[in-house]
Amino acid sequence: MYKLLLRPLLFLFDPEKVHYFTFSMVRFLSKIPFFPNIFKSVYEVQDSRLEREVFGLKFKNPVGLAAGFDKDAKLYQELSNFGFGFIEIGTLTPKPQSGNPKKRLFRLKADQAIINRMGFNNGGVAEAVTRLKKNKGVLIGGNIGKNKVTPNEEAVEDYKLCFDALFDHVDYFVVNVSSPNTPGLRELQDKEPLTALLNTLQEKNNKKQKPKPILLKIAPDLTNEQLLDIITIISDSKIAGVIATNTTIDRSTLTTTGDVIKEAGGLSGKPLTNRATEVIRFLATKSNHAFPIIGVGGIHSAQDAIDKLDAGASLVQLYTGFIYEGPQLIKEINKKILQEH
């Protein structure tokens, strides 16, 4: 129904407006008695064989929603009814920011892809915490970043502020230094600043009575040498794992033509499928499976998810595939996992 009826209609309109409209509709429907249970009965696959224990957390299934969809933790409870095993909110910054000027979200339908340059638009970490206090059992990841106006030399302070504010309200953290949409942010992926950032956060974490897993989200555009550095940094800082991958700045595999492919921003969706899987396999193989990997990037079918799990991912996340394929994709992935894993 989604792909035949809803998607063609939604895709007639501006993608950012559609995003907020869809949010409103899901929230509205979820307030109608019995509708949350209807969503669950249609999309959720309940089976103890789907459960995974990863970095000390128990996931009811290995399919999560990637950061960027529910930036401000406004809809995590309702979205969990579509069968996700976990929801990652953010990217959150210490202070609210409006993000980059519109228009900043573009569909590439021929490639089943999206270009976005949202720029960490969010209401700030304090607002999100207020909503997270109402959580009723959803496993939550907190994706954190820095404000655009914060210079890189002071970026650590922004991450520390977000870490402290979210600590009691999320199950794991994701350090986002790989978005291409905040000027200079990717420079923090270089070995020296990244090591300093992760060590600082891990030191704060280790002082807690019950430390939380900290993961690093990396770009798909890193070279093999840089990926080897990532393995070393994870080993040295002793963080819990990696999310591979964020969006790409590469446009070389696109079939779409015209000015839209020249738009600045990160590309997500099907063009990222193979590269994200390659990065997962490289990290898993070269590290000898030393740390868990959450695989994300171009998962548009159940087989795409299986490929990432076979390459070395412990869990997977959806974003663009969820938009193009609809919530049925979550169910299809979980069913295929039961068949093959």
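This is a predicted model: local features need pLDDT of at least 70, side-chain atom pairs count only at pLDDT 80 or more; totals for chains, interfaces and linings use all residues.

Which residues in H10 meet which residues in H12?

1. **The H10 and H12 contact.** On the H10 side, the residues involved are Ala-302, Gln-303, Ala-305, Ile-306 and Leu-309, and they meet Leu-329, Glu-332, Ile-333, Lys-336, Ile-337 and Glu-340 in H12. Sorted by class, the contact of H10 with H12 has seven nonpolar, one polar and three charged residues.

2. **How these two helices cross.** Helix H10 covers residues 302–311 and helix H12 covers residues 328–340. Their axes come within 8 Å and cross at roughly 50°. The crossing of H10 and H12 is right-handed.

3. **The barrel.** Turning to the strands, you will find a closed barrel of eight of them, in the order E3-E4-E7-E8-E9-E10-E12-E13, with parallel pairing. On average, neighbouring strands of this sheet are turned by 25° against each other, direction ignored.

4. **Strands E9 and E10.** Strand E9 (residues 214–218) pairs with E10 in the parallel sense, over four bridges.

5. **Strands E12 and E13.** These strands also run parallel, with three bridges joining E12 (residues 293–296) to E13 (residues 315–318). Here Ile-294 stands opposite Leu-315 in E13, and both residues come up again in the next point, as contacts of Phe-55.

6. **Phe-55.** This residue lies in the loop between strand E1 (52–54) and strand E2 (57–59). Is Phe-55 buried or exposed? Its relative accessible area is 16%, and the cut-off for buried is under 20%, so Phe-55 counts as buried. Leaving aside residues up to four places away in sequence, Phe-55 touches Tyr-172, Pro-213, Leu-215, Ala-240, Pro-292, Ile-294 and Leu-315. Among them, Leu-215 falls within the residue range of E9.

7. **A distance to check.** Phe-55 and Lys-109 are 54 residues apart along the chain, and their C-alpha atoms are separated by 36 Å.

Methods: Residues are numbered from 1 along each chain as its sequence is written. Side-chain values use heavy atoms; hydrogens and water are left out. Two strands pair if DSSP finds at least two bridges between them. Axes are lines fitted to C-alpha atoms, for helices over the stretch in contact, and angles run from 0 to 180 degrees between N-to-C directions. Buried means under 20% relative accessible area, exposed over 50%, partly exposed in between (1.4 Å probe, protein chains only). Contact means heavy atoms within 4.5 Å. A crossing is left-handed if the near helix is turned anticlockwise from the far one by less than a right angle, and right-handed if clockwise. Ala, Val, Leu, Ile, Met, Phe, Trp, Tyr, Cys and Pro count as nonpolar, Asp, Glu, Lys and Arg as charged, and the others, Gly among them, as polar.
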